[in-house]
Amino acid sequence: MSKFVTRFLKDESGATAIEYGLIAALIAVVLITALNTLSGKISGTFGLISEKMPQAAAN
């Protein structure tokens, strides 16, 4: 039984999967935050372009 516990405590293969999962979650949070921050600016830019398009087509 003590061999099993010792081997279990030394096994780190599951830790790698958890670390990759945490990194992926952190990247997702950063991307969502960045997209939410930029969405207003992008929306404003496309709104401005859509206002200018009829004027540009008339000339």
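Student: In which helix does F4 lie?

Tutor: In this predicted model, F4 belongs to helix α1, which covers residues 2-10.

Student: Why is F4 called partly exposed?

Tutor: The relative accessibility of F4 is 48%. Buried would require under 20% and exposed over 50%, so F4 counts as partly exposed.

Student: What makes M1, F4, V5, F8 and L9 a nonpolar patch?

Tutor: A residue of such a patch must have over 30% relative accessible area and no salt bridge, and nonpolar side chains are joined within 5 Å. Together the five residues M1, F4, V5, F8 and L9 present about 630 Å² of accessible area on the surface.

Student: Why does T6 count as partly exposed?

Tutor: T6 is also placed in helix α1. Its relative accessible area is 40%, a value between the limits of 20% and 50%; T6 is therefore partly exposed.

Student: Where does A24 lie, and why is A24 called partly exposed?

Tutor: A24 is part of helix α2, residues 13-58. Its relative accessibility of 44% falls between 20% and 50%, and the class is therefore partly exposed.

Student: How do you know that the protein is more spread out than a compact globule?

Tutor: The protein has 2 helices and 0 strands. Its radius of gyration is 26 Å, whereas the globule rule gives 10 Å for 59 residues; the value is well over the rule, so the protein is more spread out than a compact globule. The C-alpha trace spans about 85 × 15 × 10 Å along the principal axes.

Student: What separates the C-alpha atoms of T6 and A58, and those of A24 and K3?

Tutor: T6 and A58, 52 residues apart along the chain, have C-alpha atoms separated by 79 Å. For A24 and K3, 21 residues apart, the separation is 34 Å.

Student: What percentage of the residues is buried?

Tutor: Buried means under 20% relative accessible area, and such residues make up 0% of the 59. The protein exposes about 5500 Å², of which carbon and sulfur atoms supply 70%.

Definitions and conventions
Residues are numbered from 1 along each chain as its sequence is written. This is a predicted model: local features need pLDDT of at least 70, side-chain atom pairs count only at pLDDT 80 or more; totals for chains, interfaces and linings use all residues. Side-chain values use heavy atoms; hydrogens and water are left out. Patches are made of residues with over 30% relative accessible area and no salt bridge: like charges are joined within 9 Å, nonpolar side chains (Val, Leu, Ile, Met, Phe, Trp, Tyr) within 5 Å. Accessible areas come from the Shrake-Rupley method with a 1.4 Å probe; for residues, only the protein chains shown count as cover. A salt bridge is a side-chain nitrogen of Lys or Arg within 4 Å of a carboxyl oxygen of Asp or Glu. Helices (H or I, at least four residues) and strands (E, at least two) are DSSP runs, numbered from the N terminus. Buried means under 20% relative accessible area, exposed over 50%, partly exposed in between (1.4 Å probe, protein chains only). The radius of gyration is taken over C-alpha atoms; the globule rule is 2.2 Å times the number of residues to the power 0.38.
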